Amino acid sequence: MTEGITTVTIPVLLLGCGGVGRELLHHIVTSRDLHYKRACLSPFSHLMLFGLVLRVVGVCDSRSLLLVEDVATMGFDDAFLTEILRIKSSSSSLSALVDFGHCHLFKDSEATTKILDIACLLGRTTGLSVVDCTASTETVGILKETVDLCCCIVLANKKPLTCGIDDYDKLISNFRHIRFESTVGAGLPVIVSVTRVLASGDPIYRIIGSLSGTLGFVMSEVEDGKSFSKVVLAAKSLGYTEPDPRDDLSGMDVARKALILARLLGWRINMDDIQVESLYSNEHGPNSMSTEDFLRIGLPSLDRDVQERVSAASSRGKVLRYVCVIEGSRCQVGLQELPKDSPLGRLRGSDNVVEIYSRCYKDSPLVIQGAGAGNDTTAAGVLADIIDLQDLFH
């Protein structure tokens with residue numbers, strides 16, 4: 001017998017309405033019925049929790065914040081969320097939606113103040129999930145203050161967790177109230193796997209992973225004999241790279257993911273402590289040549305060196321992969337020669353692969369593999385993180 005039936009509501013405030021943020025809103029709208037109909041019986045009481053509602057109370061882009069009229073009771077309806085998607089997909093500002101009705105618009109510093117007002121109001125009452133889907137360091141200050149206001153934080157943005165160690169400590173000070181699965185492997189269960197292994201008392205002594213779908217694709221294609229420059233251009237045409245491929249080839253995105261994993265293991269390190277191998281030299285960097293010149297001149301000049309390294313690895317029965325290695329006192333990111341029959345050696349295409357070695361997973365590592373990039377996959381991971389917080393809301 002059940003004592004009652006109720007619905008869990010999670011108020012959501014979204015920071016960032018770019019590719020991932022828009023996909024998240026799309027997932028929320030299209031998953032309404034699924035979330036509302038899912039029933040879970042609490043193992044601690046006879047209370048039946050029937051359904052989950054994600055109540056989007058505000059959406060913020062780089063210029064403004066759009067809020068419902070009453071954040072305590074209201075949420076944007078699906079028609080309005082769909083209109084937000086349409087407006088932002090056309091690169092327009094949220095201010096274009098003011099005339100739609102039932103909302104308020106705040107800009108610049110006023111928007112920041114209002115976010116903290118909402119966090120103060122909801123954080124200690126119904127609860128609030130602040131979701132950072134930006135790619136900015138400017139959200140760090142807001143996130144740290146929302147921690148003190150008992151809010152939950154969900155991150156797709158890697159930069160808050162890769163700032164100074166003091167900022168990191170503050171953000172994870174209440175570990176039950178933060179989720180950041182999508183910062184490392186999009187929708188892959190990397191963070192939760194690491195935390196579960198550690199929580200069991202099983203010490204992790206090595207993590208090695210291919211954490212860039214772009215570089216995974218590039219290196220597996222080069223292994224087939226294709227030139228490095230042509231493969232990078234093909235990856236760009238497929239939408240795998242950033243508009244300037246050097247943003248991927250620098251290895252900094254992988255370095256941020258490596259830092260998050262290393263800190264999760266308890267390492268007290270910063271970005272400067274990570275050895276990062278860039279796949280281009282300073283003479284080909286953004287300060288030395290334009291994107292167009294790099295694609296036309298700089299990129300082809302890298303072909304010979306990459307092919308020589310691929311051939312050298314092949315002569316030793318190995319393959320070349322761009323990976324992060326966290327082991328002993330070493331945290332480095334770059335090209336490594338790996339056995340062809342290893343999970344990383346068998347990697348093809350844009351998948352991510354992570355191998356975790358511990359006492360229990362010494363001879364046969366825990367391997368996590370799958371699509372580790374893309375707005376759709378990342379947004380799905382963010383949504384799963386929000387839902388995972390439901391027990392903290394009332």
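Glu327 has a relative accessible area of 25% and is partly exposed (buried means under 20%, exposed over 50% and partly exposed in between, with a 1.4 Å probe and protein chains only). The structure is a predicted model, in which local features need pLDDT of at least 70 and side-chain atom pairs count only at pLDDT 80 or more, while totals for chains, interfaces and linings use all residues. Residues are numbered from 1 along each chain as its sequence is written, and side-chain values use heavy atoms, with hydrogens and water left out.

The partner of Glu327 in a salt bridge is Arg330, with 3.2 Å between the closest N and O atoms (a salt bridge is a side-chain nitrogen of Lys or Arg within 4 Å of a carboxyl oxygen of Asp or Glu). Arg330 is likewise partly exposed, at 28% relative accessibility. Arg348 has a relative accessible area of 39% and is partly exposed; Glu223 falls in the partly exposed class at 31%.

The count of salt bridges comes to 19. Another of these joins the side chains of Lys88 and Asp61, at 3.0 Å from N to O. Lys88 is in helix α3 (residues 78-89) and Asp61 in the loop between β3 (48-60) and β4 (64-68); the two are 27 residues apart, and the pair links distant parts of the chain. Both Lys88 and Asp61 are buried.

Strand β3 also contains Val53, which is partly exposed at 27% relative accessibility. The C-alpha atom of Val53 is 6.3 Å from that of Ile10, a residue 43 positions away along the chain. With residues up to four places away in sequence left out, Val53 touches Thr7, Val8, Thr9, Ile10, Arg32 and Tyr36 (contact means heavy atoms within 4.5 Å).

The chain is divided into domain 1 (6-186 + 377-393) and domain 2 (193-371), with bounds from an automatic or database domain assignment. Their C-alpha centres lie 31 Å apart. In the contact between them, 15 residues of domain 1 meet 16 residues of domain 2. The two domains bury about 1,300 Å² between them, of which 63% is on carbon and sulfur atoms (buried area is the accessible area, with a 1.4 Å probe, that two parts lose on being put together, summed over both). On the side of domain 1, Thr162, Ile165 and Val184 lose the most area to domain 2, and together they account for 42% of what that side buries.

Between domain 1 and domain 2 there are 2 salt bridges. A salt bridge is also formed by Lys158 and Asp253, with the closest N and O atoms 3.2 Å apart. The elements that give two or more residues to the side of domain 1 touching domain 2 are α6 (165-171) and α7 (182-185). By class, this side of domain 1 has 7 nonpolar, 5 polar and 3 charged residues (Ala, Val, Leu, Ile, Met, Phe, Trp, Tyr, Cys and Pro count as nonpolar, Asp, Glu, Lys and Arg as charged, and the others, Gly among them, as polar).

Terms used: Helices (H or I, at least four residues) and strands (E, at least two) are DSSP runs, numbered from the N terminus.
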